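Dear colleague,

I am handing over the structure we spoke about, and my notes follow below it. Please look through the model first and then read on.

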Amino acid sequence: HPGAEKWVPQQGGMRKVRAELGNCRGCELWQDAEQAVAGEGPVRARMMLVGETPGDHEDKEGHVFVGPAGHLLDKALAEAGIVRSEVYLTNAVKHFRFERQGKRRIHKTPAASQITACHPWLRRELEIVKPSLVVVMGSVAAKALLGSTFRVTQERGKRVELPSGLPAVATVHPSSVVRSEEFRRDFERFVDDLRVAVDLLG
Ligand code: URA
Ligand code: SF4
């Protein structure tokens with residue numbers, strides 16, 4: 001598989017990106033998913049939040065963060081004083097990766113090759129939105145944006161920079177909070193990281 005590069009329109013804005021995304025054959029993930037899920041939010045957003053991949057709900061509904069992880073994210077954003085409709089929300093990989101277990105579709109973490117293949121879409125979103133700050137949620141987004149040696153658990157909740165120099169804050173993925181046995185503590189830490197992002201934006 002060649003990677004997404006040749007499907008990513010370099011002319012035109014987000015409308016064009018959204019129109020072309022579903023045609024992408026940059027890796028094998030398009031074959032089993034229902035649809036590609038595009039990022040959402042104002043193209044002039046100052047904050048961009050990057051997750052992993054669409055989950056089961058997102059794949060069916062065609063929108064980012066509408067399942068359990070999305071509900072948790074909604075609560076955390078509200079607690080941190082971030083208005084969801086004012087930020088740009090997207091994923092490092094645009095098609096759902098899963099394994100069938102009977103009738104259920106179980107999420108699988110995207111492979112490094114798929115993260116790399118899908119990166120041109122994320123790069124184009126960054127070019128178009130030009131956020132002032134990126135919130136990197138979880139290790140897949142960190143791999144895509146901060147490199148394979150970056151450790152979210154060690155570097156979370158503080159100002160870091162993308163290779164381009166763009167300020168960023170890394171944190172865990174909201175689905176890890178959903179599953180946490182220490183929910184209250186991990187939810188608060190997630191909100192704290194989002195507050196760091198708010199403070200950095202000024
Ligand atoms: N998890 C993600 O990373 N993105 C979504 O859109 C939903 C769940
Ligand atoms: Fe293209 Fe990304 Fe979907 Fe792979 S996951 S087919 S690279 S949009």
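Where is the place of F65? F65 sits in the loop that runs between α2 (56–61) and α3. Please keep in mind throughout that this is a predicted model. The phi of F65 is near 50°, which is a positive value in a residue other than glycine. F65 also counts as buried, because it has 26 C-beta neighbours inside 10 Å and the cut-off for a buried residue is 20 or more.

A second residue can be read alongside this one. K130, found in the loop between α4 (112–129) and β5, likewise has a positive phi without being a glycine, with a value near 45°. As for its surroundings, K130 counts as partly exposed, because 13 C-beta neighbours lie inside 10 Å of this residue.

I then turned to helix α8, which covers residues 183–201. This helix has 19 residues, and the distance from its first C-alpha to its last is 27 Å, close to the 27 Å expected at 1.5 Å a residue. Which residues of α8 are buried? They are F190, D193, L194 and A197. These residues lie on the same side of α8, because they cover an arc of only 95° around the axis. As background, an α-helix has 3.6 residues a turn, so residues three or four places apart point the same way. On the other side of α8, R184, R185 and D199 are exposed. The buried residues of α8 are covered by elements that include the strands β1 (47–51), β5 (133–137) and β7 (167–171), together with the helices α3 (68–80) and α7 (174–178). Just after α8 comes G202, which takes a positive phi of about 75°.

Finally, there are the two ligands. Around ligand 1 there are 13 residues, of which G51, E52, G55, V64 and A69 come nearest. By class, this shell around ligand 1 is made up of four nonpolar, seven polar and two charged residues. Ligand 2 is surrounded by 15 residues, and the closest of them are C24, G26, C27, H95 and C118. What classes of residue does the shell around ligand 2 have? The shell around ligand 2 divides into 10 nonpolar, three polar and two charged residues.

Definitions and conventions
Residues are numbered from 1 along each chain as its sequence is written. Chains are lettered from A and ligands numbered from 1 in the order in which they are written. This is a predicted model: local features need pLDDT of at least 70, side-chain atom pairs count only at pLDDT 80 or more; totals for chains, interfaces and linings use all residues. A residue is near a molecule or strand if its C-beta atom, placed from the backbone, lies within 6 Å of it. Ala, Val, Leu, Ile, Met, Phe, Trp, Tyr, Cys and Pro count as nonpolar, Asp, Glu, Lys and Arg as charged, and the others, Gly among them, as polar. Helices (H or I, at least four residues) and strands (E, at least two) are DSSP runs, numbered from the N terminus. The expected span of a helix is 1.5 Å times one less than its number of residues. A residue is buried if 20 or more other C-beta atoms lie within 10 Å of its own, exposed if 12 or fewer, and partly exposed in between; C-beta atoms are placed from the backbone. The arc is that of the directions from the helix axis to the C-beta atoms. Two residues are in contact if their C-beta atoms, placed from the backbone, lie within 7 Å.
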